[in-house]
Amino acid sequence: MSFTTLAEVSHPLAPPSSERATGDGPGGIVTRSGRFEQEQEALNLRNARMGAWFVMILVPLCSFLDWMAYPERYWEFLVLRLACAAGCVPLLLALNGSLGRKYCRAYPVILPLLPALMICFMIYLSGDPGSGYYAGLTLCIVATAFVFHWTFREIGITLGLVVLGYLAATLPNLREATDPRALGIFVNNTGFILLNCVVLYFGSRQHHAIRAREFESRCKVEEQREELAARNDELVETLNRLRETEAQLAQSEKLASIGRLGAGIVHEINNPLNYVKSAIYLLKKKGKAMPPEIAESVNRIAADIGEGIDRVAAIVSDLRTFAHPENRGVRPIDLHETSRKALRLLAKEISDRQVTLVDEIPPGIIAQGDENYLIQILLNLVQNSLDALAGRPGPTILIKAVETVNGVDLIVRDNGSGILKENLSKIFDPFFTTKQVGQGMGLGLSICFRLIQQMDGEVKIESEAGSHTQFTLSLKKPDNA
């Protein structure tokens with residue numbers, strides 16, 4: 001049976017064409033038709049198994065009716081009943097194989113016909129044109145109508161064969177009947193069977209229409225559920241993007257405030273530093289006129305002070321970069337070449353620490369950015385990875401570039417100690433650091449954040465403590481790409 005047969009435009013039970021299709025063309029109908037067929041096949045196989053057991057058990061059990069109605073024919077009828085039950089055995093066995101699935105639509109016709117033909121033969125052998133066994137024929141078709149979901153063709157074939165079998169079994173007995181009431185009883189029984197057939201036929205049509213409407217409604221509900229789930233996923237994704245944007249805006253405001261503060265600090269610190277540097281220069285010059293033992297001590301002290309001043313100067317330089325990042329303007333850059341320049345600067349340190357570097361940036365990947373900015377960012381991220389890999393087994397740093405719909409993602413990933421979950425939201429804050437005192441002042445990632453913003457890009461971090469850390473720099477493609 002084809003589902004399109006149920007839904008012909010001329011059919012009074014056909015749903016509107018917009019409800020029959022799940023796609024933009026006939027493909028939607030085919031899809032639903034195939035699914036409807038699969039459901040019908042599974043239902044028929046299950047009900048056929050149940051119907052076969054009913055026939056195998058109930059038909060022999062009803063032999064007591066033969067003893068009450070036709071005791072002289074009891075043993076003949078018992079053999080017929082056993083033969084009918086035995087005929088269900090191969091049908092039941094075939095249900096477990098491919099043959100049963102292939103001809104599953106034949107079971108709603110064959111199963112009721114087996115006992116019906118047996119009853120017709122018993123009516124013929126009884127020689128009684130008004131045999132009450134006509135009720136058994138009605139029972140067969142009524143029970144089958146409850147067990148199976150008949151199609152119009154199946155019920156028409158089954159009812160037609162049952163009526164023909166009854167007429168073929170009764171008409172020879174009617175010719176030989178001597179009872180004047182035999183014709184009336186025959187007409188009465190035949191009319192009762194035909195009325196049952198009419199009721200079952202139109203009842204099955206209605207039942208079939210209800211199944212078709214239920215299937216259509218179920219398909220609509222599932223489509224609406226899938227659409228709702230898709231919209232829900234889209235909403236969740238939009239909310240996540242909004243949260244990320246809000247976090248980036250908050251971070252930008254925070255960095256802008258710290259930047260303004262840093263600019264003032266740079267100005268205030270630079271002047272005293274220059275005075276101190278001048279004093280150290282004079283101290284070293286005066287030290288040449290001192291006795292050698294005193295001059296050595298003074299020079300050593302001056303050198304220590306100079307080293308401290310150089311460190312303060314480096315911090316001031318970082319603050320200046322953080323407060324006023326130089327905007328050189330973005331342009332198309334080759335990420336492969338840019339990464340090579342950055343990694344060459346750290347090649348010795350990577351080798352000394354015995355870290356495996358996996359570089360998966362193929363030549364020819366172009367992004368919109370500033371080469372100096374990217375080199376500075378990569379140096380900072382790789383240096384942080386090197387620090388996180390200290391003492392870790394199989395230390396590895398992966399650098400790769402992935403082209404996306406909107407641009408290029410530059411990824412730096414390590415299998416280091418990771419970052420605690422509570423620290424992830426603070427990782428780009430100025431002066432936030434988990435390193436020991438003297439090993440860093442916490443400006444590196446903040447500067448990276450500002451630089452990537454200057455290039456109109458984004459930076460994301462994903463980390464798990466004790467497992468890994470991954471930074472993803474999202475850059476735009478050149479306008480002519």
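In this predicted model, the largest nonpolar core comprises 45 residues, and Leu111 and Leu137 have the most contacts inside it. At least two residues of this core come from each of helix 3, helix 5 (74–94), helix 7 (107–126), helix 8 (134–147), helix 9 (152–175) and helix 10 (182–287). Helix 7 gives the most, with 10 residues. With neighbours within four places in sequence left aside, leucine 111 is in contact with Ala48, Gly51, Ala52, Val55, Cys88, Leu91 and Phe148.

Helix 3 spans residues 26–61 and contains phenylalanine 54. Phenylalanine 54 counts as partly exposed because its relative accessibility is 43%, a value in between the limits of 20% for buried and 50% for exposed residues. Together with Met50, Trp53, Ile57, Leu58 and Leu61, Phe54 makes a nonpolar surface patch of about 590 Å².

Strand 7 (residues 468–476) is mostly covered, with 8 of its 9 residues buried. Strand 7 pairs with strand 5 (residues 407–414) in the antiparallel sense, over 8 bridges; within this pairing, leucine 473 of strand 7 is the bridge partner of leucine 410. Strand 7 also runs antiparallel to strand 6 (residues 458–464), to which 7 bridges join it. Here serine 474 in strand 7 is the bridge partner of glutamate 458. Strand 6 and strand 7 form a hairpin with 3 residues between the strands, and in this hairpin glycine 466 takes a positive phi near 80°.

Notes. Residues numbered from 1 in each chain as written. Predicted model: local features only at pLDDT ≥ 70, side-chain atom pairs only at ≥ 80, totals over all residues. Heavy atoms only, no water. Patch = residues over 30% accessible without salt bridge, like charges linked within 9 Å, V, L, I, M, F, W, Y side chains within 5 Å. Areas by Shrake-Rupley, 256 points an atom, 1.4 Å probe, with all protein chains shown as cover. Salt bridge = Lys/Arg side-chain N within 4 Å of Asp/Glu carboxyl O. Helix = DSSP H or I, 4+ residues; strand = E, 2+ residues; numbered from the N terminus. Buried < 20%, exposed > 50% of the residue type's maximum accessible area, 1.4 Å probe, protein only. Pairing = 2+ DSSP bridges. Core = buried A, V, L, I, M, F, W, Y, C linked by side-chain atoms within 4.5 Å. Contact = heavy atoms within 4.5 Å.
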